[in-house]
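Student: I'd like to learn how to read the features of a structure like this one. Could you walk me through it?

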Amino acid sequence: MKNKTDIILNSAEELMCGMTNPVRDITVDMIAKNAGIGKGSIYYYFKSKEEIIDAVIERSYSLAIREYFANAGGQSTVMEKLKTLFRSILAEEFRDSSKNVILPLHVQDDLLLHHKMMMTAIKTVSPILTAILAEGQAEGSIQTEAPKESAEMIVAMLTFLLDISFFPADSESTYRKLKLYASVLETCLKAEKGSFDFLFTPPENN
């Protein structure tokens, strides 16, 4: 049985995915009605609509982290761990928009919302990436004097590149961006050439 918090977040996410209007137009009344619960029940768990929206965004990015940990058990090398983590993030970003709030939020004309999404991605993903980069530095597969700062910049750059409110969402453009992004990572982390080729595939294979 789902707890009340999940019911509220699921209701908000359904509205965020399904609405053609800005997320700012969603109200607590709408969330309560869609959830089939009283408005007062929502305020018992959340102080405001903004807090609900933040929780929905954080939960969506957390799916990528759970996917990473589910698949990382058999990964022994740093590059294998990076590959698993990045693929988890990309899968979450490009998942069907009817099932994941990240895609529809990218098209919203709301700078504050986009800022929240980037900060949530950095907060959620960067600690995992920091640990992997530190491990790579220790074993010599990559080079970075600042794993934490490198991780934050890497996640921020990826989130920005995938934001279709700034860049076109067609597969050809996405392919080119990820190919260049892979090249930047190789240079910045002084990794072996081709280490990040897993980030992109030819458009015809998408």
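Student: By how much of a helical turn are Glu152 and Lys148 in helix H8 separated?

Tutor: Glu152 and Lys148 are four residues apart in helix H8 (residues 147-161), so about one helical turn lies between them. Helices here are DSSP runs of H or I with at least four residues, numbered from the N terminus. Before we go on, remember that this is a predicted model, in which local features need pLDDT of at least 70, side-chain atom pairs count only at pLDDT 80 or more, and totals for chains, interfaces and linings use all residues. Residues are numbered from 1 along each chain as its sequence is written, and side-chain values use heavy atoms, with hydrogens and water left out.

Student: What do the side chains of Glu152 and Lys148 meet in?

Tutor: Side chains of opposite charge can pair when their charged atoms come close. The rule for a salt bridge is a side-chain nitrogen of Lys or Arg within 4 Å of a carboxyl oxygen of Asp or Glu. Glu152 and Lys148 form such a bridge, at 2.8 Å from N to O. Glu152 is partly exposed, with a relative accessible area of 27%, and Lys148 is partly exposed at 46%. On this scale, buried means under 20% relative accessible area, exposed means over 50%, and partly exposed is in between (1.4 Å probe, protein chains only).

Student: How many salt bridges does the count come to?

Tutor: The count comes to seven salt bridges. Among them is the one between Asp6 and Arg59, at 4.0 Å from N to O. Asp6 sits in helix H1 and Arg59 in helix H4, so to speak at two distant parts of the chain, 53 residues apart. Asp6 is partly exposed, with a relative accessible area of 28%. Asp6, Glu13 and Arg59 are linked in a network of salt bridges.

Student: Which helices hold Glu135 and Lys81?

Tutor: Glu135 lies in helix H7 and Lys81 in helix H5 (residues 78-93), so their pairing ties together parts that are 54 residues apart in sequence. The salt bridge between their side chains spans 3.0 Å, N to O. Glu135 is partly exposed at 29% relative accessibility, while Lys81 is buried at 17%.

Student: At what angle do helices H1 and H4 pack?

Tutor: Two packed helices are described by the angle between their axes and the distance between the axes. Each axis is a line fitted to C-alpha atoms, for helices over the stretch in contact, and angles run from 0 to 180 degrees between N-to-C directions. Helix H1 (residues 4-18) and helix H4 (residues 49-71) pack at about 85°, with axes 9 Å apart. H1 and H4 are therefore roughly perpendicular; angles under 35 degrees count as roughly parallel, over 145 as roughly antiparallel, 65 to 115 as roughly perpendicular and the rest as oblique. Contact means heavy atoms within 4.5 Å, and the H1 side includes Ile8, Leu9 and Ala12, with Ile52, Ile53 and Val56 among the H4 residues. By class, this contact of H1 with H4 has eight nonpolar, two polar and three charged residues. Here Ala, Val, Leu, Ile, Met, Phe, Trp, Tyr, Cys and Pro count as nonpolar, Asp, Glu, Lys and Arg as charged, and the others, Gly among them, as polar.

Student: Are H8 and H9 roughly parallel or roughly antiparallel to each other?

Tutor: H8 and H9 are roughly antiparallel. H8 and helix H9 (residues 171-188) pack at an angle of about 170°, with their axes 11 Å apart. Ile154, Met157, Leu158 and Leu161 of H8 meet Lys177, Leu178, Tyr181, Val184 and Leu185 of H9. That contact of H8 with H9 has eight nonpolar, no polar and one charged residues.

Student: How many aromatic pairs does the structure hold?

Tutor: The structure holds six aromatic pairs. Rings of Phe, Tyr and Trp (its six-membered ring) pair if their centres lie within 6.5 Å; planes under 30 degrees apart count as stacked, over 60 as edge-to-face and the rest as tilted. Tyr44 and Tyr45 make an edge-to-face pair, 5.0 Å centre to centre with 80° between the planes. Tyr44 is exposed at 67% relative accessible area, and Tyr45 is partly exposed at 36%. The pair of Phe196 and Phe198 is tilted, because the ring centres are 5.9 Å apart and the planes lie at 45°.

Student: Is Ile122 buried or exposed?

Tutor: Ile122 counts as buried, at 15% relative accessibility. Ile122 belongs to helix H7 and, leaving aside neighbours within four places in sequence, is in contact with Pro127, Glu152, Val155 and Ala156. Thr130 is another residue of H7 (residues 111-139). Thr130 is buried, with a relative accessible area of 19%, and touches Pro147, Lys148 and Ala151, not counting residues up to four places away in sequence.
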